[in-house]
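Here are my notes on the structure you sent. They are in short numbered points.

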Amino acid sequence: MTESFPFDRLRACTNFRAGDLLPSCGAVNAKELATALKEGIEARGLPLKFEKVHCMGRCHLGPTLKLLPAGPFLLGAQPEDAERLLDMLEAGDIEAATTAFPNPDATE
Ligand code: FES
């Protein structure tokens with residue numbers, strides 16, 4: 001965590017809600033994305049703790065990622081985007097990450 005990159009955790013939802021009956025991160029490749037991000041963070045030695053959670057209330061916009069503490073949501077990344085997203089995080093370019101994987105609700 002630095003002044004330019006004030007985050008120490010990347011949280012990922014991998015929830016699969018009610019089979020295919022409700023939208024969820026698990027239904028749109030969240031588990032594969034989580035695996036790619038976890039492996040990428042470890043391979044790069046990034047100072048980010050990776051954690052999986054059950055839900056962050058953005059089920060219809062996922063896969064849902066969030067930087068902590070108090071970071072932005074990053075929404076809709078796919079497994080093939082993991083390396084590009086990690087490039088942005090490693091460079092501390094949060095604006096690029098939030099532009100590529102935007103949260104439609106800009107108040108959060
Ligand atoms: S299922 Fe991922 S945010 Fe709810």
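1. A definition before the details: helices are DSSP runs of H or I with at least four residues, and strands are DSSP runs of E with at least two, numbered from the N terminus. This is a predicted model. Just after helix H1, glycine 45 takes a positive phi of about 65°.

2. Overall make-up. The protein has three helices and four strands. Their order along the sequence is β-α-β-β-β-α-α.

3. Size. The C-alpha trace spans about 40 × 30 × 20 Å along the principal axes of the protein. Does the radius of gyration agree or disagree with that of a compact globule? It agrees, because a compact globule of 108 residues would have a radius of gyration near 13 Å, and the protein has 13 Å.

4. Burial and contacts. Of the 108 residues, 30% count as buried. Take the contacts with a separation of 6 or more: 63% of them come from residues 24 or more positions apart.

5. Strand E3, residues 64-68. This strand is mostly covered, with four of its five residues buried. E3 pairs with strand E1 (residues 9-13) through four bridges, and the two run antiparallel. E3 is also joined to strand E4 (residues 73-75), by three bridges, again antiparallel.

6. Leucine 65. Which residues stand opposite leucine 65 of E3? In E1, alanine 12 does. In E4, leucine 74 does.

7. The E3-E4 turn. These two strands form a hairpin, with four residues between them. Alanine 70 lies in the turn and has a positive phi of about 60°.

8. Helix H1, length. H1 covers residues 30-44. Its 15 residues should span 21 Å at 1.5 Å a residue, and the end C-alpha atoms are 21 Å apart, so the two values agree.

9. Helix H1, buried side. Which residues of H1 are buried? They are Ala30, Leu33, Ala34, Ala36 and Leu37. Seen down the helix axis, the buried residues fall within an arc of 165°, so they line one face of H1. A residue counts as buried here if 20 or more other C-beta atoms lie within 10 Å of its own.

10. The buried residues of H1 pack against E1, strand E2 (49-53) and helix H2 (82-90). Exposed residues Glu42 and Ala43 sit on the face turned away from the buried side of H1.

Definitions and conventions: Residues are numbered from 1 along each chain as its sequence is written. This is a predicted model: local features need pLDDT of at least 70, side-chain atom pairs count only at pLDDT 80 or more; totals for chains, interfaces and linings use all residues. The radius of gyration is taken over C-alpha atoms; the globule rule is 2.2 Å times the number of residues to the power 0.38. A residue is buried if 20 or more other C-beta atoms lie within 10 Å of its own, exposed if 12 or fewer, and partly exposed in between; C-beta atoms are placed from the backbone. Two residues are in contact if their C-beta atoms, placed from the backbone, lie within 7 Å. Two strands pair if DSSP finds at least two bridges between them. The expected span of a helix is 1.5 Å times one less than its number of residues. The arc is that of the directions from the helix axis to the C-beta atoms.
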